[in-house]
Amino acid sequence: MDIGQFLARHEYTRDLDLSAMEDVARRATVRHLTRGEVLGLEGERCSAVYFVMQGRIRSLKMTAQGREQVVNELRPPQAFYLVPALDGAPLPTTTQAGTRATVLSVSCADLIELLDRHPSMERRVLVSMARRLRHLADLVGELSLHTVSERLARLLLQEAAEPSSHHLTQQEMAARLGTVREVVARALADFQTRGWLVVTRGRIEIRDAHALRSHADRTEV
Amino acid sequence: MAEPTPRILRALCTICGDCVTICPVAALRLDREELVLDLERCAYCGDCEDICPMGAIELPYQVVIVDPQRGPER
């Protein structure tokens, strides 16, 4: 997929007229990344906004213990570093290619100018950010009552109770819970250590549904 | 009910070979421009799912409740 095709489909730019689209394309650069390649470091000044064209980008944060933890995984056609580009504050996360990947980069200065020159693009970015803000507000509300571990327990019990031909991957479980696959994998490993379930090839066997249900129903106050 | 098996989404696969390289048990190979999975070898570790840049490999899980005394409820 080339820049033109990508922009013609992206929610921010697909409604632009030809000259506006060309304006965006002129200011955009395609970057091909190898797995592990770092795009930005947490705390640094923002230099560019990125759009994922292909592959997956991991968003990492440093924990209080000095470890890096994956907090999000970005897929096509998601954009990232919009917030620091707009508010001028440091990058909130480190981003690193989780697979070989291709991104479109637009400098922060060019992004601001594009939004000034093309009100329809500005409006689409605003709507997208408003949607993301609503999703995060809902998630904060849910997380204030239940941890990811408790919500995973509830999800597993729901999956066991409602037969479906579509079996979830760990990635899909993570997406439903607003987290990343690594967190789901750790929670499953924790449940297995407690003896509540066993994870085998393609199967999660719940051995102690009562304990899992008690865990799911815990509410943080 | 049969266990789920890894799904290869052929429409998304670009035959990049990253999954073949990363598989710790050599369960994947490229055969005449097609990705082939050896189910017997596959350890269901998820490394291929993680590394695929196109999201073309999925490892689904069937969730069941098992009563240790009576066996699976479904």
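Two strands are said to pair if DSSP finds at least two bridges between them, where strands (E, at least two residues) and helices (H or I, at least four) are DSSP runs numbered from the N terminus. The structure is a predicted model, in which local features need pLDDT of at least 70 and side-chain atom pairs count only at pLDDT 80 or more, while totals for chains, interfaces and linings use all residues. Residues are numbered from 1 along each chain as its sequence is written, chains are lettered from A and ligands numbered from 1 in the order in which they are written, and side-chain values use heavy atoms, with hydrogens and water left out.

In chain A, strand S4 (residues 57–62) and strand S5 (residues 68–74) run antiparallel and are joined by six bridges, and Lys61(A) has Gln69(A) in S5(A) as its bridge partner. These two strands form a hairpin with five residues between them, and Gly66(A) in the turn has a positive phi of about 85 degrees. A cis peptide bond, with omega of about 0 degrees, joins Pro76(A) and Pro77(A), and Pro77(A) lies in the loop between S5 and S6 of chain A.

Chain A also contains an open sheet of four strands in the order S1-S8-S3-S6, with antiparallel pairing. Strand S1 (28–33) and strand S6 (79–80) stand at its edges, each with a single partner strand, so one side of each is left without a neighbour in the sheet. The partner of S1(A) is strand S8 (residues 101–107), to which it is joined by six bridges in the antiparallel sense; within this pairing, His32(A) has Thr102(A) as its bridge partner.

Aromatic rings of Phe, Tyr and Trp (its six-membered ring) pair if their centres lie within 6.5 Å, and planes under 30 degrees apart count as stacked, over 60 as edge-to-face and the rest as tilted. By this rule there are six aromatic pairs over all chains. One of them, formed by Tyr12(A) and Phe51(A), is edge-to-face, with 6.1 Å from centre to centre and 80 degrees between the planes. This pair links distant parts of the chain, since Tyr12(A) is in the loop between helix H1 (3–9) and helix H2 (18–26) of chain A, whereas Phe51(A) is in strand S3 (residues 48–54), 39 residues apart.

In chain B, strand S2 (residues 28–31) and strand S3 (residues 34–37) pair in the antiparallel sense over four bridges, with Asp31(B) opposite Glu34(B). The two strands form a hairpin with two residues between them, and Arg32(B) in the turn has a positive phi of about 50 degrees. Ile15(B), although not a glycine, likewise has a positive phi, of about 55 degrees, and is found in the loop between strand S1 (7–8) and H1 of chain B.

The contact between the chains (heavy atoms within 4.5 Å) takes 30 residues from chain B and 29 residues from chain A. Two salt bridges (a side-chain nitrogen of Lys or Arg within 4 Å of a carboxyl oxygen of Asp or Glu) are counted between chain B and chain A, and in a salt bridge the side chains of Arg181(A) and Asp50(B) meet at 2.8 Å, N to O. The elements that give two or more residues to the side of chain B that touches chain A are helix H1 (18–22), helix H2 (47–51) and strand S5 (60–67) of chain B, and S5(B) gives the most, with seven residues. Strand S9 (residues 168–169) of chain A pairs with S5(B) in the antiparallel sense over two bridges, and Leu168(A) has Tyr61(B) as its bridge partner.
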